[in-house]
Amino acid sequence: MRIARWPAAALMVALAATTAHAADGGNDSPYPLPPQLKAAGEDFGAHVRADMLVKRMTLDEKLQMIHSKYQMADVPGGGAGYIQGVPRLGIPDLNMIDSSTGSGSTSQPSTTFPSTIGLAASWDPYLAHDFGAVIADQLREQGFGMGLGGGTDLARDPRGGRLFEYLGEDPVLSGVILAARTVGTQQQKVIATIKHYVLNDQETGRNGGNSQADERTMRELYLLPFEIAAKEGRPGSVMCSYNRVNGIYACENPHILTDVLKNDWGFPGQVQSDWGAPQSTAASINAGLDEEEDVGPTVYLTPDLVKQALATHQITEKRLDDMVRRKLYVMISAGVFDHPAKGGATIDFAKYRAFTQSAEEQSIVLLKNDSNQLPLAAHGVNKIAVIGGHADTAVLTGGGSGNTRDPVTGHFSGCGGLVFPRQTGCGWWPNPWMTIPVPIVKAIQQLAPSAQVSFAGNTDQNQPYRNYTQQEIDQAVALARQSDVAIVVVTQEGGEDFGELESLSLANPSNQDQLVEAVAQANPHTVVIVQSGNPVLMPWKDQVSAIIEAWYPGEGGGQAIANVLFGKVNPSGKLPVTFPLRDQDTPTWGANGTIPTDPIYSEGLDMGYRWYDAKNIQPMFEFGYGLSYTHFSYSDLSVKKGPDHTLTATFKVRNDGHVAGAETAEVYLGVNYNGEPPRRLVGWEKIYLKPGEAKPVRVTVTERGQSVWDTAHNGWKYVPGSAVYVGASSRDIRLQSR
Ligand code: BGC
C-alpha cells in the first residue's frame with residue numbers, strides 16, 4: 001500500500017504527546033511518526049504462534065534457525081544469507097538480501113535506486129515509506145523475504161566510506177526517515193533490518209576497531225536513530241556491527257544489545273550479526289545475539305558449538321528458545337511465514353525506474369543559484385556544453401553491499417566491498433556494461449530539443465580512475481567558450497571497505513577542481529552538478545553561477561537532474577549533512593586528518609552542525625540548507641506548552657515567489673543544560689505551496705524531545721524552558737521564541 005504524499009497530505013512529522021524516561025523501560029516514542037505512517041503494533045498472536053512452534057521443535061531444528069550458514073553463491077536466487085525452513089512444521093525458507101539502494105548482493109538484475117543519503121535530503125517520511133515499500137516489492141519478486149537496507153550510522157566523520165548508505169548527521173532526521181522506510185518495507189511482507197548497531201560510523205578499523213563514547217553521547221546521538229526506528233518502525237531485525245563499543249564487540253555487548261535495545265526499548269525482534277562479526281559463542285548469545293550470519297571461516301553459532309555451550313551450561317536452553325522464538329515471531333508478524341516470497345516473477349523494470357526518478361527529484365539539493373541562473377529555458381539556449389563526470393553514461397551508486405545489479409546485464413552498478421570480488425576494470429564507475437537508458441546528456445537533449453548539446457568529458461571505459469589530460473581540459477574550455485551555458489558534472493567515489501575518503505576534496509579524477517575552474521573562467525554561466533555520497537569541498541564555489549548536489553542518483557538520475565535544470569521539477573531537498581569550507585573545520589579532522597582505528601568520540605555532543613554552531617565555525621553550506629526556484633517567508637510563531645510537558649510551535653509559511661514549491665520548515669531547540677549544543681533538530685514539516693499561498697505549520701515536541709540524558713541517574717531528564725528556533729536551515733533562523 002502506498003501512502004498519499006503532498007500536496008494531498010501535508011508532510012508533518014507530528015511529534016505527538018508522550019512522556020519518556022528510559023529508566024521506566026517504557027515503550028514511549030521520542031519522535032512519533034505521522035499517524036498515516038504508523039507501524040502495526042506488537043503482534044501478540046504471532047508471539048503465541050512462535051511459542052507453540054518452539055515447543056514442537058527438536059534441538060537440531062532450533063539450531064538451524066539461528067545460523068545462516070550459506071554464502072552468497074549458495075543462497076537460492078543469489079543473496080546475502082539463507083535460513084533453511086522446517087517443512088515438518090510449516091516453517092518456510094527465508095532468503096535475505098542487501099537492499100540499501102535496491103537488491104544488493106544478488107546475482108539477479110535489479111533496479112538501482114538513489115542513495116539513501118539522498119532520501120534523507122528529501123526530509124520526506126512519506127517518500128521514505130514508499131522507498132521502503134517499492135524496494136520490498138522487487139525483493140519479493142526476486143524471492144527475498146528479508147531486506148538488509150536500513151543503514152543509519154551517523155555521519156560523524158564526513159569522509160565516511162559508507163555515508164551514501166546512511167542518512168546524514170542528525171539522529172532525529174535519520175531515525176524518522178528510517179522508521180518510515182521500515183514501515184513501508186514491512187507492509188509489503190519483507191522483514192526489515194536496521195544496521196549497523198552501533199558506533200559503526202567509519203570503515204577505518206572496520207573489523208574490531210574500538211569506538212569509544214560516553215553514555216550521554218550515545219543516548220542523545222548515536223543510539224537515537226536506532227531507538228526511533230526500533231520503536232516507530234518496529235523492524236524485525238537489528239544488525240550488530242563489526243566494531244567494538246567501549247571495548248566490547250558490538251555483537252557480544254550486553255549493554256547495547258540487552259540493557260538498551262531489548263530492555264529499555266522493549267525490542268521484541270531479533271539481533272542478527274553483521275556478516276562474520278561474532279567473536280564468541282556463549283558470550284554473544286548471553287549478551288543478546290540471536291542469529292549469526294556466516295561468511296566463514298570462523299563461525300560461532302554453529303550447531304556443534306551451540307550444543308557444546310549448552311552441554312557445558314555456558315548458555316541455557318531458555319535463552320536458545322528465546323532466540324528461536326524471536327526469529328519465528330519476526331517471520332510470522334512480518335507475514336513471510338504465511339506468505340513466503342517465491343521469486344521468479346517478471347519484473348517491470350520500467351515501473352521501478354519511474355519511481356527512482358521521482359525519488360531522486362525530491363532528493364536533489366540546489367546549493368547555489370546566482371542571478372536565477374536556473375532553471376534553464378528549454379528554448380532560450382542554443383548551445384549547451386556538458387562536461388565531465390561520465391555524464392554520457394552514468395554514476396549510479398557507491399560500492400559494497402549498498403550496491404545493485406544492472407537490470408540488463410546483471411553486473412554490479414558500483415563495485416568494491418568485502419563481499420564481492422572486484423571485477424576487472426570495475427570501479428564504481430559506469431563501464432560498458434552500464435545500460436542506463438537516459439544519462440544526463442541525453443536527458444538534457446530531450447528537454448531542449450532545439451539546442452545543440454555537446455559532451456566533452458572523460459568517458460574512458462577502461463581507465464575509470466585516470467585524471468583529465470590537459471588536452472581534455474582545453475577541449476572542455478573551448479566547448480564552454482562557444483556555449484550559452486556550461487554544465488560540469490563532478491563525482492566523488494565511496495563504498496564499503498574502501499576506507500574513508502582522504503579528504504572531502506574531489507578525487508578520482510583528482511583534477512576535477514581544475515576542470516571546473518577552467519570552465520568557469522571560460523563561461524560565466526557555469527552550472528556544477530555534484531554526484532557524491534559525501535559532502536565535497538568546492539574551492540570554485542564563488543566562480544560558478546549554480547551548484548546542484550544530486551548524490552548518487554540511481555538509474556532515474558539523468559532525467560531527474562535534467563528536470564531540475566529546466567525547472568520541470570522545483571528542487572526541494574535540504575542537506576542532511578554539513579558541507580564544510582575546509583577539511584580542517586570538521587569535527588574529526590584533529591591535528592592532521594588521521595582517522596584512528598579506535599576512535600574516541602571526544603567531541604561528545606558537538607557533532608555535525610552542533611559542532612559548527614558550538615565552535616562558531618562557518619560552514620560552506622549548513623545542515624538543513626537548500627534553495628528552491630521560489631522563496632518562502634515565515635511568520636507568526638507561537639509556542640504553547642501542553643499536557644505532559646509537550647511543547648507546540650505554530651507558525652505560518654508563505655510562498656512569496658511565482659512558482660509552486662515545497663519547503664521544509666525546521667524546528668530546533670536550544671536546551672539550556674550543560675553540554676548541550678546551541679541548537680538541535682526536534683521536528684519539521686515539508687509543505688507544498690502554490691505561488692502566494694500560505695499555510696499554518698504545527699510541530700509538537702514530546703517531553704523526551706526536550707530532555708537530556710542524565711548520567712548520574714541513568715535516565716532521561718526533562719529540561720524546561722528551551723528556546724525554540726524555526727528556520728529554513730540550521731543557521732537560517734527566521735523565527736524564535738525569545
Ligand atoms: C555489511 C553489511 C551487509 C552484509 C551482507 C557486510 O559486509 O557490513 O551491511 O548487510 O555485508 O552483505
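User: Where does Ser 371 lie?
Analyst: Ser 371 is in the loop between β13 and β14. Strands here are DSSP runs of E with at least two residues, helices are runs of H or I with at least four, and both are numbered from the N terminus. Before we go on, this is a predicted model, where local features need pLDDT of at least 70, side-chain atom pairs count only at pLDDT 80 or more, and totals for chains, interfaces and linings use all residues. Residues are numbered from 1 along each chain as its sequence is written, and side-chain values use heavy atoms, with hydrogens and water left out.

User: Ok. Is Ser 371 buried or exposed?
Analyst: Exposed, with a relative accessible area of 75%. The cut-offs are under 20% for buried and over 50% for exposed, with partly exposed in between (1.4 Å probe, protein chains only). Ser 371 also has a phi near 50°, a positive value in a residue other than glycine.

User: What about Trp 551, what is its phi?
Analyst: Trp 551 has a positive phi of about 55°, although it is not a glycine. Trp 551 sits in the loop between β18 (546-549) and α16 (557-565). Trp 551 is buried, at 0% relative accessible area.

User: Let's talk about the ligand. Which residues are closest?
Analyst: Asp 98, Arg 162, His 196, Asp 274 and Glu 496 are the closest of the 14 residues that surround the ligand. A residue counts as near if one of its heavy atoms lies within 4 Å.

User: What kinds of residues make up that shell?
Analyst: Six nonpolar, two polar and six charged.

User: How far is the ligand oxygen from the polar side-chain atom of Glu 496?
Analyst: That distance is 2.5 Å. The protein covers 100% of the 310 Å² of accessible area that the ligand has on its own, an area that comes from the Shrake-Rupley method with a 1.4 Å probe; for residues, only the protein chains shown count as cover. Asp 274 has a side-chain N or O atom 2.7 Å from a ligand oxygen, and a polar side-chain atom of Lys 195 lies 2.9 Å from an oxygen of the ligand.

User: Why does the ligand lie between domain 1 and domain 2?
Analyst: Because domain 1 (3-97 + 191-334) and domain 2 (356-578) both give residues to its shell. Those bounds come from an automatic or database domain assignment.

User: Now the strands. How many residues of β5 are buried?
Analyst: Six of the six residues of β5 (residues 146-151) are buried, so β5 is largely enclosed by the rest of the structure.

User: And which strands does β5 pair with?
Analyst: Strand β4 (residues 94-97) pairs with β5 in the parallel sense over two bridges, and Ile 97 has Gly 147 in β5 as its bridge partner. Strand β6 (residues 191-197) pairs with β5 in the parallel sense too, over four bridges. There, Gly 151 stands opposite Lys 195 in β6. For two strands to pair, DSSP has to find at least two bridges between them.

User: What order do the strands take in the open sheet of three?
Analyst: The order is β7-β9-β10, with mixed pairing. β7 (210-211) and β10 (248-249) are at the edges with a single partner strand each, so one side of each is left without a neighbour in the sheet. β7 and β9 (residues 244-245) pair in the parallel sense over two bridges, and Asn 210 stands opposite Arg 244 in β9.

User: Last one: where does Thr 702 lie?
Analyst: Thr 702 is in the loop between β23 (694-701) and β24 (707-710). Thr 702 counts as buried, at 0% relative accessibility.

Note on methods:
A polar contact is a pair of N or O atoms within 3.5 Å; within protein, one must be able to donate a hydrogen and the other to accept it, and residues adjacent in sequence count only if both atoms are side-chain atoms. Ala, Val, Leu, Ile, Met, Phe, Trp, Tyr, Cys and Pro count as nonpolar, Asp, Glu, Lys and Arg as charged, and the others, Gly among them, as polar.
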